[in-house]
Protein chains: 2
Amino acid sequence: MVVDELTDVEVDRLFQAFADTTRRDILVRALVSDYSVSGLAAHYAMSFAAVQKHVAVLERANLVTKEKRGREQIVRVHLDALRRARRLLEEYEAIWRQRVDRISDILAEEEGASPT
Amino acid sequence: MVVDELTDVEVDRLFQAFADTTRRDILVRALVSDYSVSGLAAHYAMSFAAVQKHVAVLERANLVTKEKRGREQIVRVHLDALRRARRLLEEYEAIWRQRVDRISDILAEEEGASPT
DNA sequence: CTCATCTACAACCATGTGGTTGTACGTTAG
DNA sequence: CTAACGTACAACCACATGGTTGTAGATGAG
């Protein structure tokens with residue numbers, strides 16, 4: 001199972017980062033092409049500082065890193081974290097599938113053992 | 001693209017629900033087998049009411065529904081929400097892949113147009 | 001019936017979150 | 001050099017979150 005080498009707190013931060021529309025939007029923009037923090041901020045009806053904070057949350061979740069380019073700070077997505085989160089959810093679905101299999105096995109056995 | 005028929009707020013709640021270790025644990029237990037709220041609460045070093053609240057958060061995210069069985073309330077996982085969340089993350093990864101493809105296309109064209 | 005169990009919910013508290021404004025500092029354009 | 005730009009960060013505010021205790025209502029066991 002292994003649930004990835006992430007600690008609970010790291011996973012908390014990861015999903016926390018996804019749990020805001022603005023942050024998901026920032027993420028998509030940064031996925032599509034390169035953006036500076038102020039380049040991102042231009043798209044939202046909130047202060048630069050607010051966007052800066054959102055980027056910081058994405059950073060803390062290791063979803064994003066900033067790279068200095070002249071006086072700008074380019075936001076780049078770190079794909080690994082995205083994959084990890086996705087795999088976690090896949091594992092949950094796998095657990096469900098195992099349960100379903102287990103139950104149908106039991107039903108199959110019971111039918112074999114005591115057929116009505 | 002469609003990003004699923006979920007509203008932003010619903011997606012917020014979905015990821016918010018995942019953003020807590022206790023809730024993820026509850027989810028796994030409920031995925032593995034049937035649990036009442038108090039059955040779940042027995043496993044955690046916190047009050048029954050706290051666990052009740054966590055279940056409520058999972059409910060609000062549509063990850064879980066409660067089903068009355070006698071005096072107990074059985075927590076069942078609603079798999080759809082799990083799948084939706086996973087698909088969202090997959091879409092983000094797809095966006096990234098498209099970008100990579102686009103860039104390598106451009107590089108290929110440039111090489112074809114003006115080979116050094 | 002009576003009592004223990006399971007649940008629901010309100011009130012409260014500390015801390016976190018998402019937003020603001022203001023100030024300061026490095027960097028680039030003119 | 002100077003002005004404008006991009007960033008960083010602190011202080012503040014309203015509200016959400018994760019926890020607590022306490023009270024009360026259904027339901028099942030004996």
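**Exercise 1.** In this predicted model, determine which residues of H2(A) meet which residues of H4(A), and how the two helices are oriented to each other.

*Solution.* 
Step 1. List the contact residues. On the H2(A) side they are Thr22(A), Arg23(A), Ile26(A) and Leu27(A). Their partners in H4(A) are Val51(A), His54(A), Val55(A), Val57(A) and Leu58(A).
Step 2. The contact of H2(A) with H4(A) is made of six nonpolar residues, two polar and one charged.
Step 3. Take the geometry. Two packed helices are described by the angle between their axes and the distance between the axes. For helix H2 (residues 21–32) and helix H4 (residues 48–60) of chain A, the angle is about 75° and the axes lie 10 Å apart.
Step 4. Classify the angle. Angles of 65 to 115 degrees count as roughly perpendicular, and H2(A) and H4(A) are therefore roughly perpendicular to each other.

**Exercise 2.** Describe the interface of chain B and chain A: how many residues are in contact, how much area is buried, and which elements of chain B take part?

*Solution.* 
Step 1. Count residues. Chain B contributes 31 residues, in contact with 31 residues of chain A.
Step 2. Give the area. The two chains bury about 3,000 Å² between them, with 62% of it on carbon and sulfur atoms.
Step 3. Count polar links. There are six salt bridges between the chains and 18 residue pairs in polar contact.
Step 4. Assign elements. On the chain B side, helices H1 (8–18), H2 (21–32) and H5 (79–113) each give two or more residues. H5(B) supplies the largest share, 13 residues.
Step 5. The chain B side divides into 17 nonpolar, three polar and 11 charged residues.

Technical notes. Residues numbered from 1 in each chain as written. Chains lettered and ligands numbered in written order. Predicted model: local features only at pLDDT ≥ 70, side-chain atom pairs only at ≥ 80, totals over all residues. Heavy atoms only, no water. Contact = heavy atoms within 4.5 Å. Buried area = accessible area lost by both parts, 1.4 Å probe. Salt bridge = Lys/Arg side-chain N within 4 Å of Asp/Glu carboxyl O. Polar contact = N/O pair within 3.5 Å; in protein donor to acceptor, adjacent residues only side chain to side chain. Helix = DSSP H or I, 4+ residues; strand = E, 2+ residues; numbered from the N terminus. Nonpolar A, V, L, I, M, F, W, Y, C, P; charged D, E, K, R; others polar. Axes fitted to C-alpha atoms, helices over the stretch in contact; angles between N-to-C directions. Parallel < 35°, antiparallel > 145°, perpendicular 65-115°, else oblique.
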